[in-house]
Amino acid sequence: MAMGRRAHVRELVKAARVLMTQPLLFPLPKLAANSLSINNPLLPTPQRPLPFPSLASRSTVTMSTDKNDNVQDQLDAIFKQKKVVRSQVRKSLKAMDPSLRSHEDIAVQDLVLGAPWFKSCQRLCAYISCKALREVDTSKLLSEILENPAKEGHMELRKKLYVPRVEDKNSHMRMLNISRIDDLIANSMDILEPASVDSDGNEREDVMQANDPVDLFILPGLAFDRTGRRLGRGGGYYDTFIRNYQELAKTKNWKQPLLVALSYSSQIMNEGVIPMTENDIPVDALVSPSGVIPISSAALDRIDV
Ligand SMILES: Nc1nc2c(c(=O)[nH]1)N(C=O)[C@@H](CNc1ccc(C(=O)N[C@@H](CCC(=O)O)C(=O)O)cc1)CN2
Ligand SMILES: Nc1ncnc2c1ncn2[C@@H]1O[C@H](COP(=O)(O)OP(=O)(O)OP(=O)(O)O)[C@@H](O)[C@H]1O
């Protein structure tokens, strides 16, 4: 139990080094303790500091409590700001003209299909877009991947595709291999995902157990900026998954996958609007209807190859 508390304090101190180098657009009011609970079964409950060990001296208790309250206040302010941006973006996506949406859906997917880093990739993780969440459509990409196996006379191999499956509300998501769109069924959030076993009763391959590395991640999100900041839906699923995959790639000595997010024009924010914590993983590139925006050196290196 004592170990658990120490680990928790270490986490809080780590979180204090939040990456807020840019000014914020909105004021950051102090939040009530329960203001971040979100009524969604897929979203994990925010972590709260644990009480301190009763053996500590009184002055240590007071100082540590103040320090940790301060850390928690900063985190609360960041998560509050994230909620403000999410709700603004949701509103603008809701108001988006349907013909502009279809135009942008096609433009983004065509840019991906034409990109050298997409053409050359052999294995990828991609999201299955959800209309109700107003995400950039991925259906054209998925059918190109799944319905166009090795073309006759071409040496090009069929790409191996892994898609998300939410396992529990503790930010735990797996990426499972599918080979047909029919492998997907709607979950409780109306997002299509694969069952953990295929129609023959065999376990689907989990990308974390695969023998070969993934080259590319195609990521969803609510808001982005040109420095690579990505704001998700608040579950921490992708940040957790990407961090684990990056660790795996390191231990296997694999090249890190390119992280590419798809964005409508209205989802690209000015710098400084999206706050980040140490847990948020920046993307390497963005694809918006006006083009591919390479951000990291990995993306700049792969823009033409
Ligand atoms: N297409 C797709 N699949 C995905 C994700 C995603 O963002 N997009 N995920 C990425 O994590 C995971 C699922 N996580 C999700 C988290 C929140 C919501 C959601 O419905 N959010 C509502 C707000 C809910 C609330 O605030 O109570 C919304 O954003 O409108 C859906 C999926 C795995 N699969
Ligand atoms: N005030 C808070 N203090 C500490 N943790 C919080 C707080 N509010 C939310 N969290 C947790 O932080 C985690 C990450 O939330 P965050 O808003 O960064 O997700 P995200 O980047 O939108 O998610 P994803 O990685 O799925 O795209 C979630 O597990 C959430 O429960």
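The questions and answers below concern a predicted model and go from its confidence to its helices and strands.

Reader: What average pLDDT does the protein chain have, and where does pLDDT stay under 50?
Author: In this predicted model, pLDDT stays under 50 over residues 1–13, for which there are 12 contacts beyond four places in sequence. It also stays under 50 over residues 15–59, for which the model has 79 such contacts. Of the residues, 76% score at least 70, and the protein chain averages a pLDDT of 82.

Reader: At what angle do the axes of helix α3 and helix α5 cross?
Author: Helix α3 covers residues 98–114 and helix α5 covers residues 139–147, and their axes come within 9 Å, crossing at roughly 35°. On the α3 side the contact is made by I106, Q109, D110, V112 and L113, and on the α5 side by S139, K140, L141 and E144. By class, this contact of α3 with α5 has four nonpolar, two polar and three charged residues. The crossing angle asked for is roughly 35°.

Reader: Which residue stands opposite C125?
Author: Strand β1 (residues 123–126) and strand β2 (residues 160–168) run parallel and are joined by three bridges. In β2, the residue that stands opposite C125 is Y162.

Reader: Which residue in the turn between β2 and β3 has a positive phi?
Author: Strand β3 (residues 172–178) runs antiparallel to β2, with seven bridges joining them, and D168 stands opposite H172 in β3. The two strands form a hairpin with three residues between them, and the residue in the turn with a positive phi, of about 55°, is S171.

Key:
Residues are numbered from 1 along each chain as its sequence is written. Chains are lettered from A and ligands numbered from 1 in the order in which they are written. This is a predicted model: local features need pLDDT of at least 70, side-chain atom pairs count only at pLDDT 80 or more; totals for chains, interfaces and linings use all residues. Side-chain values use heavy atoms; hydrogens and water are left out. pLDDT is the predictor's confidence in each residue, from 0 to 100. Contact means heavy atoms within 4.5 Å. Axes are lines fitted to C-alpha atoms, for helices over the stretch in contact, and angles run from 0 to 180 degrees between N-to-C directions. Helices (H or I, at least four residues) and strands (E, at least two) are DSSP runs, numbered from the N terminus. Ala, Val, Leu, Ile, Met, Phe, Trp, Tyr, Cys and Pro count as nonpolar, Asp, Glu, Lys and Arg as charged, and the others, Gly among them, as polar. Two strands pair if DSSP finds at least two bridges between them.
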